[in-house]
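Subject: Structure for your review

Dear colleague,

Please find below the structure that I am handing over to you.

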Amino acid sequence: ALVTKYALYMIWTLLKSLRHAHGDHAALGVAAATSRAVDHAERIIVFTITKHEDRAGLLVPVKWETRPFFPPTLGDLVNELWEHLGAPETAFRHRCTKSFG
């Protein structure tokens, strides 16, 4: 349940990190490591949906006591990815395109 609850938050935070790493030199490996982490989080979500058939956990908004985050549901994450398909940061744009597709 916790994995489902925080997986969307983890993906969104990693995508924001990838966007901020746009100016970093490729030798640092930040973009590659972040992209691998997003892949792993996406595999967790796919496993949760297909193996455990726990779709409801990703569709219900998460109630946060301390601070809200965006996106609260899988549908909101998909909408946010769609809005960023034309972002100027190359790695972020490619990652959003791959995640959206």
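Predicted model: local features only at pLDDT ≥ 70, side-chain atom pairs only at ≥ 80, totals over all residues.

Residues are numbered from 1 along each chain as its sequence is written, and side-chain values use heavy atoms, with hydrogens and water left out.

Overall make-up

The protein chain holds five helices and zero strands, so that its elements run α-α-α-α-α from the N terminus. Helices here are DSSP runs (H or I, at least four residues), strands likewise (E, at least two), numbered from the N terminus. Of the 101 residues, 30% count as buried; buried means under 20% relative accessible area, exposed over 50%, and partly exposed in between, with a 1.4 Å probe and protein chains only. Among contacts (heavy atoms within 4.5 Å) between residues at least 6 apart in sequence, 58% join residues at least 24 apart.

Helix 2

Helix 2 covers residues 30-50, and its 21 residues should span 30 Å at 1.5 Å a residue, which agrees with the 30 Å between its end C-alpha atoms. The expected span is 1.5 Å times one less than the number of residues. Its buried residues are T34, V38, A41, I45 and T48. Seen down the axis of helix 2, these fall within an arc of 80°, so they line one face of the helix; the arc is that of the directions from the helix axis to the C-beta atoms. R36 and R43 are exposed on the other side of helix 2. T34 has a relative accessible area of 9%, and, leaving aside residues up to four places away in sequence, T34 touches L14, S17 and L18.

In helix 4, which comprises residues 74-83, the buried residues are L77, E80 and L81. They fall within an arc of 100° seen down the axis of helix 4, so they line one face. W82 and E83 are exposed on the other side of helix 4, E83 at 58% relative accessibility.

Helix 5 has F92, R95, C96 and S99 as its buried residues. These cover an arc of only 100° around the axis, which puts them on the same side of helix 5.

Packing of the helices

Two packed helices are described by the angle between their axes and the distance between the axes. Axes are lines fitted to C-alpha atoms, for helices over the stretch in contact, and angles run from 0 to 180 degrees between N-to-C directions. Angles under 35 degrees count as roughly parallel, over 145 as roughly antiparallel, 65 to 115 as roughly perpendicular and the rest as oblique.

The axes of helix 2 and helix 5 (residues 90-100) come within 11 Å and cross at roughly 15°, and the two helices are therefore roughly parallel. The contact is made by A31, S35, V38, D39 and E42 of helix 2 and A91, R95, K98 and S99 of helix 5.

The axes of helix 4 and helix 5 come within 9 Å and cross at roughly 135°; these helices are therefore oblique to each other. V78, L81 and W82 of helix 4 make the contact with C96, S99 and F100 of helix 5.

Yours sincerely
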